Amino acid sequence: MRATGKTTRPLYLEERSLARTRAVLALAVMLAPVLACAQPAGSALGASGNAFVMVCRALLAFVVGLLLLYSLRHYWFALTRMFRPQVPLHASIETANWPRVVVLIAAHNEEAVIGDCIDALLHCDYPSDRLVLMPVNDRSTDGTRAVIEHYAARYPGRLHPYHRSAGAPGKAAALKDATDIVTGNGFRQLRDSEDEREAHQELLQAEEAEIARVRALKAATEYVQAQDVADLIIVFDADYLPNRQLIKQLAAPFFDPEVGAVMGRVVPQNVGVNLLTRILDLERSAGYQVDQQARYCLGSVPQYGGTVGGVRLSALADAGGWTIDTLAEDTDLTYRLLLKGWHTAYLNHAECYEEVPQSWEVRFRQISRWAKGHNAAMMTYFGRVLRSGDLSRLQRLDGLALLGVFFMSPLLLLGWLLSAVLALTGVDFAQGLQSWELWFLIFVTTLALAGNFAAFVQVAVASHLDGYRERIRLLPLMFCGFLVSMMAITKASVDGLFLDRLLRRKLQWDKTARFRHPDSGRGEAAP
């Protein structure tokens, strides 16, 4: 089938798999006021005591209201995924005039895994004359460079490495420099001949990468217009294992000129290692199979996920390029594309395999980085989304909900502590309430309590759709993941929103540890 230019409806990415943080914590939040009602009323609290009770009531009502809204939202997504027809646009495109693609492989100390990723991409089903692989070696101190150069020597002309030895830390900064090379003279130097490529490598080895970056920036716009080097870039983290059809699947939606970014589905490849990997597999399944796909059908807020995804270079330039001082470049770019009017397509059939954390310590650090970066995006874009007149009402509401999803954990913890104080001090929480007000409070809290299982309903629906119904038996054990996520997100939120600003801490990139051994995959490490 040839490309028809059919318009893609917007699609949406999950809230980074952390909706589970509301389950047991909300149980304490909802039951504590009811327990407080059973406490014997103490002596008169006085004016200050009554004011304290009123403040606690207001805060708890606020927490309950938000919890109820998020719960209804998750139920909406689950029901949409179960009963609404899903149209896999672009899935049938096999033959077309494929765009020129540069695949960026983000790598920082990825000696153990990058060989497998490069090997998989070298065997992908995409025209070789329209595909360039560019491993972005961001200041690695292990054997990552040797592995990359080993593949570059074995496949001359297919790989054009970019070894970055200076500049700001972090994936976003590395991608920005690599994109500058793709769109400027630095890329021409990498492609013109092997001699020029080697000369460029010597320049980088001499730790003069900033010179290449300035040269690339100087001629970026005119070079893209004159030479048509690439139409889009596709990004993979080094631990990902793409299948043979993935590049075509990710490139197909760009035949629609309104699509600025595309996102595929992430599937863990080390599911059977331990309890944590199995829990994370359930979270990923619910987030992509249910949450993202439902948002795609509903036409709410699209989200680019940072990896297993592509970006149109003209859309990236229109949105202002990569933001280097962020821990969540995917969320940041998502909202800049959204506010500029670009669509993001989600492809549930475009699967790619990743290595999820195998230890709770690594998971804690990973989710802390996500939370801190996402909350920074919330502070930047909340007001702009709220005031935007170009977004539909649904896009504004869901966009605001997506921005606030990582803030729910500290908010719920606050509500938990407040209700515990009321219960343990013997305060009559129902004091001053009319009968109907008390019953209304119990009704709302009960709905909110039941609604917390909406995230688990999504897991069950995803397991059913994926054909792995036996995995539903692991649902009670997700409490472990909830505890780790709640503590990590709360700490990261306090640090990112308050302590880092107060103490003027600099941005720190915390890399996720890898567990795969260099000789355990299909790729070959350098000798």
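Helices (H or I, at least four residues) and strands (E, at least two) are DSSP runs, numbered from the N terminus. H3 itself spans residues 114–122 and is mostly covered, with 9 of its 9 residues buried. Buried means under 20% relative accessible area, exposed over 50%, and partly exposed in between (1.4 Å probe, protein chains only). Among the buried residues of H3 are Asp116, Cys117, Asp119 and Leu121.

The model is predicted: local features need pLDDT of at least 70, side-chain atom pairs count only at pLDDT 80 or more, and totals for chains, interfaces and linings use all residues. Residues are numbered from 1 along each chain as its sequence is written, and side-chain values use heavy atoms, with hydrogens and water left out.

The chain holds 19 helices and 8 strands. Of its 527 residues, 56% count as buried. Its accessible surface (Shrake-Rupley method, 1.4 Å probe; for residues, only the protein chains shown count as cover) comes to about 21,900 Å², and 59% of this belongs to carbon and sulfur atoms. Among contacts (heavy atoms within 4.5 Å) with a separation of 6 or more, residues 24 or more positions apart account for 87%.

The largest nonpolar core contains 48 residues. Such a core is a set of buried Ala, Val, Leu, Ile, Met, Phe, Trp, Tyr and Cys residues joined through side-chain atoms within 4.5 Å. Val103, Phe236 and Ile247 have the most contacts inside the largest core. Not counting residues up to four places away in sequence, Val103 touches Leu121, Leu131, Val132, Leu133, Met134, Ile234, Phe236 and Ile247. A second, separate core of 20 residues includes Leu104, Ile233, Leu316 and Trp322.

The axes of helix H11 (residues 275–298) and helix H18 (residues 454–466) come within 8 Å and cross at roughly 80°. Axes are lines fitted to C-alpha atoms, for helices over the stretch in contact; angles run from 0 to 180 degrees between N-to-C directions. H11 and H18 are therefore roughly perpendicular to each other, a class that covers 65 to 115 degrees. Residues in H11 including Leu282, Ala286 and Val290 meet residues in H18 including Val459, Ala462 and Leu465.

His374 lies in helix H14 (residues 360–387). This histidine is buried, with a relative accessible area of 2%. Beyond residues up to four places away in sequence, His374 touches Ala328, Thr331, Leu402, Leu403, Val405 and Phe406.

Methods
Angles under 35 degrees count as roughly parallel, over 145 as roughly antiparallel, 65 to 115 as roughly perpendicular and the rest as oblique.
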